[in-house]
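Let's take a walk through this structure together, one interface at a time. Have the viewer ready and follow along.

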Amino acid sequence: MPRVHLMSDHRRFTGGEAVVEAGGATVGAVIAELEQRFPGLGDALTHGASAGVNGEIHSEPQYLEVDPDTDIYFVAPLTGG
Amino acid sequence: MTVTDDRPTYKWVGTRPIRHDGYEKVTGKARFAADLDLPGQLHAAYLRSPHGHARILSIDTAAAAGMPGVKAVVTGADFPDLDPTDPNFDVSVNVMARGTVLYNGHALAAVAASTRAEAAAAVAAIQVEYELLPVILTLEESMADGAPLVNEHNITKFVESDGPSNLATSNVVERGDVEAAFAAADLVVEREFDTAYVHQGYIEPHACVVDVGPNGKADIWASSQGHFMVRALTASVLGWETSRIKVTPAEIGGGFGGKTTIYLEPVAARLSEKSGRPVKLVLTREEVLRATGPAPASKSRIKIAASNDGELTAIDCWFGYVVGCTNDFAGLVGAMSVASYKFPNLKLEAIGALTNTPKSAAYRAPSAPQAAFAIESVIDEIAQTLDMDPIDIRLRNAVVEGDPTAMGMPHPRIGFVECLEALRDSDHYRSPVPDGAARGIGAGFWFNIGEQSSATVNLNEDGTATVITGSPDIGGSRASMALMAAEELGIDVYSITPVVADTESVGFTDVTEGSRATFSTGMAVVNACRDLIEELRARAATILGVDLDAVTWVDGTAVTDGKDPLPLSAITAKAKSTGGPLTVTASLNAGGAGPSFAVHCCDLTVDEETGQVTILRYTAVQDAGTAIHPSYVEGQLQGGTVQGIGWALNEEYIFDDAGSMENASFLDYRIPVASDLPMIDTIVVEVPNPAHPYGVRGVGETGIVPPMATVANAITRATSIRMTSLPMSPPKILAALDTD
């Protein structure tokens, strides 16, 4: 299953776990499963984070396809000047 | 000097043609927003708060509305109240105060009149009753227990919140066992640092002209880093549909992140709507400094552990950013600065604190320079303590592909080591330090971003081309787009006209930030050209009477065995008879923006009588991936460096106790000028970004990250005093010398 790497702020939903696994063919599906297991986490990931997937950071990653061996890194939203 | 890593040879990419917009700019014919005048145009002026924080009890505009030449007056009551959860709520409140002024300079009314003088006179006649509220100016005041609220609508981002507070955001990143690493370390260095508010210092003040027609549609001409952003935010603040607004990008006289948001356009639009006349609104320099976003001030505590052989084993950082009156702080971006080093054990905490000061805004690599000043200073101190060369200690710990960033995700192919080696091998670093001078180095990092871009490429009948994009040319994007199109199509770069089109003439394009234009919009241009080449091959096959598979595209020519090559101009000449106009549009949401690293070196002297620092020599090294137009890349490196030197040595907002900025002019807010500095030498390193067809990495932001530490480290080596407070102005240096 895809491995989800959480920011410290999101670990309050997982009892402190920094990396959790969740099934799904897209980032959005993975988030949905996480919301089922850790209520509130899905909303936090959807509205308060960008996702690093396969070396690329996406601000709206919901429909990105992921494989069972994909690592998803949720990071603070990035902006620039 | 360029160091090239595995780069193909190109015909056009990497050359230095005269920029397509150059003639207009050097002859003064380029049209900036303030240059535009429309028939019947009015001029607008603002009423701004003289108080740092106050409730607006009443605004009486009756006298102003009746004054000579006045055609319209607006206040907060003329704008819809967005829900505080709306993502544009803070922008809306900053455009025009509702109920409360949050900082000295906050706009609370505006007047449009026949002349600017009449508008200013009417502004002076507006009567306002205020109830003064406590003014919070510092991080300590903001975070104190029981502190009055700066902004009653602020809800902390990214963490659980039980109601409004002065905390804008709080982020923590951790890995490894920091405490154990510190306990086992051979050396631990801990320092506290602070930096002042600084402004982006663009020469062109914000300006716009807005004409709302009888059909209710608005034409906006504005200076910005993204006219689709101007359209979206203006529509949101006004409560309009996006389709009511067309934004035409004017030339931009500098933005550096400060023009990634709006201030004027909804106000001018409402004044135009009420008066039925076009309205021009141009800020004064004082208004730019008082009411458009500076970069946050900051405080930080940095603790780094090292082994005796120079391995950096742990870092524990706390950053406090003073973000002004609203909450646009985007998170732990400043912590990205530590992504330059491996650090097996790491803890980073960053907070944003609200104050009754102008809403802060991005400045090149937002919040990274403040963090890099602190971290790179401590690393320099470790190198001094261990008697290590400052490049060697960085090479010992530099991240490479696969190493984790501060936020965990592995780095892609990056060029930090190559930058360090390029500086180590440079003439500057190999030259002895001049007598009486000292040398410092510093490093920096920025992620860069991708996001959405569109491009249309039209081939003309004679084989020339027009490349149309939606990215305002803030740093050479027109020339870069033309060069990439020339490389793809195989035609002369001067036969291509790059155009930055209005919001109704090109596909949606995100704001130019995150050093993204040449990367993302360039990729859209390349994709459009490649689709166009497929169409050209098909047209050539028709003309030549051969199968499509028999046609290849070689340097602007369709080639097939047994036939004369068919140049592009011969195909465009037969466009009508082979299927019609040759035009292609491409749009994308680009991922894979390649991070850019930089390493700087500075030689300077310190006058111990006056405290004045004189920069003798400065070299900026940076990985550009591939420099599409090297002169523009070098210009970005030089520009970021000069702004960073200003941040290091002179620039700061000075407020009185009531929150009034006391140095709101370029006379008193001192940015560097040419006579202050030597030529900034550049070394462009090219480690191609594998996610871009030409290997581009954005270069616009990283250059401002290293200078403050670079200069501070040189001053420290000159004076034997570790400078920890910016700016390192003559009074501060004298005070440090006196204390020592």
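**Two interfaces to explore**

Keep in mind that this is a predicted model. Start inside chain B, where 16 residues of domain 1 are in contact with 17 residues of domain 2. On the domain 1 side, Ile628(B), Tyr632(B) and Tyr694(B) lose the most area to domain 2, and together they make up 40% of what that side buries. To find the two parts in your viewer, select 367-448 + 594-739 of chain B for domain 1 and 450-588 of chain B for domain 2. Their C-alpha centres lie 39 Å apart.

How much area is buried between domain 1 and domain 2 of chain B? The value is about 1,300 Å², and carbon and sulfur atoms give 64% of it. Turning to polar interactions, there are 6 residue pairs in polar contact across this domain interface, with both residues at pLDDT 80 or more. The residues of domain 1 that touch domain 2 divide into 8 nonpolar, 7 polar and 1 charged. The salt bridge count between the two domains of chain B is 0.

Now step out to the meeting of the chains. Here chain B brings 34 residues to the contact and chain A brings 20. Between them about 2,100 Å² is buried, with carbon and sulfur atoms giving 59%. Strand β8 (residues 167-175) of chain B supplies the largest share of the chain B side, 5 residues. By class, that side of chain B has 17 nonpolar, 11 polar and 6 charged residues. Between chain B and chain A the count is 0 salt bridges, while 5 residue pairs are in polar contact, both residues at pLDDT 80 or more.

Methods: Residues numbered from 1 in each chain as written. Chains lettered and ligands numbered in written order. Predicted model: local features only at pLDDT ≥ 70, side-chain atom pairs only at ≥ 80, totals over all residues. Heavy atoms only, no water. Domains from an automatic or database assignment. Contact = heavy atoms within 4.5 Å. Buried area = accessible area lost by both parts, 1.4 Å probe. Salt bridge = Lys/Arg side-chain N within 4 Å of Asp/Glu carboxyl O. Polar contact = N/O pair within 3.5 Å; in protein donor to acceptor, adjacent residues only side chain to side chain. Nonpolar A, V, L, I, M, F, W, Y, C, P; charged D, E, K, R; others polar. Helix = DSSP H or I, 4+ residues; strand = E, 2+ residues; numbered from the N terminus.
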